[in-house]
Amino acid sequence: MRLQVAVDLLNTGAALRLAGQVAPYVDVIELGTPLIKSEGMSVIEAVKNAHPDKTVLADLKTADAGELEARLAFDAGADLVTVLGTADDSTISGAVTAARAASKGVVVDLINVPNKAVRAKEGHALGAVFVEFHAGLDEQALPGYSLEALLDAGTSSGVPFSVAGGVSASTIAAVQNSGAQIAVAGSAIYSAEDPAAAAASLRALISRP
């Protein structure tokens, strides 16, 4: 299983500092939606130039104009972009068209999708390299939120998937046991007193084949 850090910060300098701290321990550097909205596509270029050996994911959460938005991110250096699972199939297909032209990839983000397992299969059939079983910060704060339910949906989907929504040192073993290809850690890393140590600890808890 690979480890992805969600860089949910608001400026390029802070993003570069965090990426530099955790790069030795992560496989994928995700540039969060608020960061890209704040700094624009230039932050993608800056992080990719600083870490050309890492997979850089632009978390656009595209809901429309899939081909155009994906192309903008790929031109800036992104390796992967996210499209919302709630978007129309044509939006996902458009982003996939741009990805194939650039030899890159699309991830379908299932945030707020009611039947995640079903939509995951549809997204993968449309050409997504994997789907993200994602519970956002607002959903995680609601009473009754369950990471276990998210993991069960991922397992039952039968398609390649990542998990985002409460991944931490105490849950990462369950994430791996679910069959997830990627564990996405956000606040467990960026809110830690020592982000590098937090990333290293998560990496150490991931068993290798």
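Two strands are taken to pair if DSSP finds at least two bridges between them, where strands (E, at least two residues) and helices (H or I, at least four) are DSSP runs numbered from the N terminus. Strand β3 (residues 55-62) and strand β4 (residues 80-84) run parallel and are joined by three bridges. Within this pairing, L57 stands opposite L80 in β4. The model is predicted, so local features need pLDDT of at least 70 and side-chain atom pairs count only at pLDDT 80 or more, whereas totals for chains, interfaces and linings use all residues. Residues are numbered from 1 along each chain as its sequence is written, and side-chain values use heavy atoms, with hydrogens and water left out.

The buried residues of α5 are T91, I92, G94, A95, V96, A98 and A99, where buried means under 20% relative accessible area, exposed over 50%, and partly exposed in between (1.4 Å probe, protein chains only). An α-helix has 3.6 residues a turn, so residues three or four places apart point the same way. The buried residues of α5 pack against β3, α4 (66-76), β4, β5 and α6. T91 counts as buried because its relative accessibility is 6%. Leaving aside residues up to four places away in sequence, T91 touches T62, A63, D64, A65, G66 and V83.

Just after α5, S103 takes a positive phi of about 60°. S103 lies in the loop between α5 and β5 and is exposed, with a relative accessible area of 69%. A positive phi, near 65°, is also found at N112, a residue other than glycine. N112 is placed in the loop between β5 and α6 (116-125) and counts as exposed at 58% relative accessibility.

The interior can be described through its nonpolar cores, each a set of buried Ala, Val, Leu, Ile, Met, Phe, Trp, Tyr and Cys residues joined through side-chain atoms within 4.5 Å. The largest core has 58 residues, of which L31, I44, V81 and V163 touch the most other members. Its largest share, five residues, comes from helix α5 (residues 89-102). A second, separate core of nine residues includes A6, L57, V107 and I182.

The structure holds one aromatic pair. Rings of Phe, Tyr and Trp (its six-membered ring) pair if their centres lie within 6.5 Å; planes under 30 degrees apart count as stacked, over 60 as edge-to-face and the rest as tilted. F133 and F161 form an edge-to-face pair, 5.4 Å centre to centre with 75° between the planes. Because F133 lies in strand β6 (residues 130-134) and F161 in strand β7 (residues 161-164), the pair ties together parts that are 28 residues apart in sequence. Both F133 and F161 are buried.

Methods. Contact means heavy atoms within 4.5 Å.
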